[in-house]
Amino acid sequence: MLLALIMHVTKWGKKESMTAELTRVETRKKNVRKDIQSTITLLAASCAGSVVIALYVLGVCTLNQQHKDSNSVDRAAYLAARYLSEITATHPSLGRIGIVDSVPPEQNYAQKKRNRVTGVNSLYATLRADALVAERLNNPALASLVSKDLKVAKSLEQDLRRRMFASVEQTPELKSESSEQNIYAESLTNQDSDSDSDKKDSILQEVSRFLSEDTKGRGPNLIDVRLALGTVEPGLIGSQMFAPSDEINKNFVQDGLYKVGESIPLPTGEKVNFISQPHATRLIDQSWFSTNTRGSAPSAVQIEAVFEKNAERGKKEIIIKKACAVIGGEIVYPAASVFVLNFPHGKPRQFSNVLDLLNYKLWNSQGEWQQVVGTEVPGKGSLAPPIDPIRSNLTPGDALSHALYDWLKQMGPLVEPANFTKVMALSFTDAANKNSIPTVIGQANSCLAVDSGTREYALLNQTNPDGPGQMAISRCFSVRDNHLQADKVPPPSALPLIVDADGNCVLAGKDKFDKALLKDLLSSIYETNLAAIETLESSKQMIVRAKAALKEIDQKMYFERQELNSVQARMNRIRSKIPFDVEDSSKINRPLREKETENLRQYNLAKNRLDALKQLLIQDTDQRAKQRKLNDLAQMVTFNANKVGITTYDLCAHANQIMLNGLARTQYPSKGFLLGGRFVFLPQPVPIQEEEFFAAHENKTLKDLVPDAPKKGDLNYDWTNSEMHLVAECSDLLANHGKTIFVDGLPLNDYLSKVREIPKWTKTTFVLDSNAIVGTAENRKSNQSSQKGNGAKAEEIKPRAKPSGLSAYKEYAFGNIRIPAGQLMYYCPNALKTGSAPEVGWSVAIRDLVSSRSEGSMGEAVNIPNGDWRDSKDANGTPLPGLAGEFQLRCPLPLTDLAASGSYLTNPLTGHQTPQIPPLPPDML
């Protein structure tokens with residue numbers, strides 16, 4: 001504008017000078033006056049232009065300063081919203097709860113696990129979906145768990161609300177009702193909590209400091225900052241929470257999303273409120289802000305900054321600037337996970353799907369949950385009763401409900417209740433047939449053992465590192481451990497049994513459970529071992545007696561020989577004194593003198609004694625030979641007794657292997673047993689009697705004492721026979737003589753080839769995949785578009801194909817996964833009874849890997865270390881899901897009274913003993 005004014009004045013001056021030049025004489029004086037006037041005008045215009053420029057610059061600077069102040073307040077509001085989004089409340093079962101979902105960067109995994117935050121909207125949407133699942137399944141246990149967690153969630157929201165309002169006070173008191181839970185979390189994981197109460201300054205102080213530094217030296221002085229918390233007026237910003245697909249026409253759902261500002265009902269009778277949540281924290285118009293939070297946690301913040309500037313005449317002018325921001329963030333959906341149902345020893349036909357497990361009314365007993373304390377188990381951690389109370393004495397069905405509920409919570413807010421219900425009803429048989437799971441035939445999956453309570457005791461009291469309880473968990477869940485020995489489960493002395501698909505127990509190699517046969521075998525082995533021990537004692541006594549008799553005879557014969565020599569010498573002396581032949585008295589032709597008569601008498605006496613001594617020595621020699629023979633016989637009997645004792649001990653100690661292929665009676669050899677289709681055992685329950693030693697010594701046959709004595713080539717049960725043997729291979733017996741072995745009235749070959757109904761069972765692992773249960777935002781948007789009928793084509797959104805909800809696998813791919821700190825394990829022995837005569841007891845083991853969300857263990861599914869176990873069609877390019885939990889029905893055991901007749905067999909050489917019906921080791925959970 002000033003430049004235009006100067007140009008106008010210059011142009012006007014040029015015109016006047018030209019006129020003066022034409023009329024110089026006449027108008028000289030006039031031109032002089034005009035020049036002075038032009039100069040004055042030019043000066044005046046210059047001054048006016050300068051004033052205009054100064055006013056313009058001053059106005060621009062003033063406007064810029066006000067704009068900078070406004071930007072500072074906006075930034076402070078945004079900063080306050082970001083600070084508020086970091087405030088959380090914590091509970092072990094729900095984890096960290098904040099206004100919005102939050103996950104730290106992927107590269108810091110440990111911090112990610114520690115600081116993962118679930119937003120209030122995500123929490124309520126998750127619990128509502130879980131409540132709908134409980135309603136669809138009509139499962140009181142699930143409904144009770146939802147109600148319990150909903151109560152905790154509302155308490156956490158109020159705790160979060162108090163924390164947030166306290167954070168905008170000048171001197172905050174961030175006391176949390178969940179402080180005891182934080183202590184609980186620290187005790188589980190040996191880590192310190194980093195709760196928000198550790199902050200020394202309130203958000204108000206932080207924002208005030210930021211605003212003061214940002215506006216310092218650039219205009220009015222900041223004299224006060226006030227923060228107000230509230231929410232966004234309903235209808236302006238949505239919740240981002242998709243309702244389940246079958247509820248998008250409800251009055252509390254708009255465009256497929258839960259409405260904000262309305263109380264939304266749950267099937268359990270409770271109600272929840274969702275708050276406004278944009279996709280990111282941002283500024284909003286002040287007219288959108290409302291201080292009425294309707295009892296929910298605040299989601300918006302308003303900042304009011306008060307400035308003071310100098311006005312005219314020394315007065316102070318107060319300037320108030322406001323800005324509002326709403327807390328926002330993207331929804332963080334959990335990664336995919338799986339829940340496993342494992343039947344390592346067969347699946348009874350009572351259960352055709354998961355619903356049958358949940359709703360089964362005939363569970364036989366109840367179990368307890370235990371919680372991992374310290375670090376993982378198996379490992380340096382241990383099990384202890386849960387600090388956060390869990391209802392005790394849960395049936396396996398209720399315990400499975402608890403584990404499935406924790407899995408549902410872990411899946412997040414996109415759970416489709418209809419999908420979950422559908423997956424729970426999928427057929428086990430169809431899944432097994434689809435994946436061609438083979439049937440196990442003729443393989444033992446049970447044994448005869450006594451439940452002495454060692455399993456429960458080990459889990460309750462011996463889960464310290466390297467303790468029996470940890471070893472049992474390692475075996476149960478196939479966790480690799482250097483301490484494990486494959487030959488310890490089941491006990492080697494336990495007779496192998498088979499529990500078929502109907503839950504009936506049968507003897508291995510037979511089509512029924514022959515209690516009488518089993519009892520006879522056990523009694524025969526035990527009595528034979530006992531007879532061997534008694535025979536061994538008898539033979540030892542006989543050896544002692546024989547040795548004593550031999551010693552006595554030897555001593556007697558020694559004295560007799562000494563006397564014999566003395567008598568012989570005396571006779572020689574007497575004979576030398578007599579002048580005639582004392583042996584031929586007929587040649588004497590004179591009367592004997594008195595002395596000769598005496599010598600002859602003494603000689604005859606000595607001769608008679610000598611003859612008597614010789615006879616005694618003959619008798620003693622014969623008796624010594626008899627005692628010697630008796631001693632040798634006793635030695636042989638001792639050898640046989642040791643051999644029989646060791647044989648019966650080995651039959652018991654290795655019964656699980658020897659009798660794996662069956663058990664039957666033999667008619668020939670009479671009263672024998674066919675063991676495993678390979679060995680024949682002939683019992684000898686009668687120990688040797690004393691008369692048998694003498695009968696054998698006197699060359700009497702055993703047939704004279706025992707009827708039906710064995711013939712040559714048969715198994716020999718004669719204690720005094722050097723060929724005695726009670727166990728032999730069938731092939732050796734058939735080769736030694738022409739007769740065959742008869743079993744159940746049939747020759748052995750015919751018996752073995754006889755077609756029998758062999759018991760069958762199926763070892764199966766079923767996998768429930770969250771990908772088939774959880775919807776996706778794309779699917780929900782697609783459903784929303786089709787329901788609204790707004791012309792959007794469903795095929796424009798191509799959601800990824802879902803895998804089958806229930807898959808069956810013959811191999812177990814979830815080993816070497818340890819239970820993390822804070823997570824749970826459930827065990828219930830004899831939880832289920834099947835079959836009859838005898839009944840069979842099954843045990844249940846459950847590991848819940850996502851129950852606790854304490855510090856350092858946020859309840860995330862555990863990565864599976866053994867590669868991708870899925871079919872390619874199910875994988876579909878998606879990441880491998882982690883393991884969230886596992887249910888096992890395992891270890892079927894017959895419940896019989898045979899244990900009452902159980903006893904110990906002895907190895908006579910070593911003195912070792914083995915139980916004929918062993919107690920269950922802790923390893924057999």
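Let's begin in a loop: Pro669 is found in the loop between β20 (663-668) and β21 (672-675). When I say strand or helix, I mean DSSP runs numbered from the N terminus, with helices being H or I of at least four residues and strands being E of at least two. The bond between Tyr668 and Pro669 is a cis peptide bond, with omega about 0°.

Quick housekeeping before going on. This is a predicted model, so local features need pLDDT of at least 70 and side-chain atom pairs count only at pLDDT 80 or more, while totals for chains, interfaces and linings use all residues. Residues are numbered from 1 along each chain as its sequence is written, and side-chain values use heavy atoms, with hydrogens and water left out.

Back to the backbone. There's another cis bond, from Val377 to Pro378, with omega near -5°. Pro378 sits in the loop between β14 and β15. As a reminder, most peptide bonds are trans, and most residues other than glycine have a negative phi.

You'll find Asn138 in the loop between α4 (120-137) and α5 (140-167). Is Asn138 buried or exposed? Asn138 counts as exposed, because its relative accessibility is 65%; the cut-offs are under 20% relative accessible area for buried, over 50% for exposed and partly exposed in between, using a 1.4 Å probe and protein chains only. Then there's Cys891, not a glycine either, with a positive phi of about 50°. Cys891 is in strand β31, and at 4% relative accessibility Cys891 counts as buried.

Pairing here requires at least two DSSP bridges between two strands.

Gln370 stands opposite Met825 in β29. Over in strand β27 we have Thr764, which is buried, with a relative accessible area of 2%. Leaving out residues up to four places away in sequence, Thr764 touches Leu341, Asn342, Phe343, Ile437, Ala808 and Tyr809.

Next, an open sheet of 3 strands, ordered β17-β18-β19 with antiparallel pairing. Here β17 and β19 (505-507) are at the edges; each has a single partner strand, so one side of each lacks a neighbour in the sheet. β17 pairs with β18 (residues 496-499) over 2 bridges, and the bridge partner of Ser446 in β18 is Leu497.

Now for the second largest pocket, with about 800 Å³ of space. A pocket is an open set of points on a 1 Å grid over the protein atoms alone, with protein on both sides within 12 Å along at least five of seven lines; a cavity is a set where a 1.4 Å probe fits but cannot get out, and lining residues have an atom within 4 Å of a point. Grid points join across faces, edges and corners, and volume is the space filled by probe spheres set on the points. This pocket has 30 lining residues, and closest to its centre are Pro344, His345, Val489, Pro490 and Arg890. β31 gives the most to the lining, with 5 residues.

Last stop: the whole structure has 5 cavities of 30 Å³ or more. The largest cavity holds about 80 Å³ of space, and the residues lining it include Thr231, Phe274 and Arg294.

How values were computed: Contact means heavy atoms within 4.5 Å.
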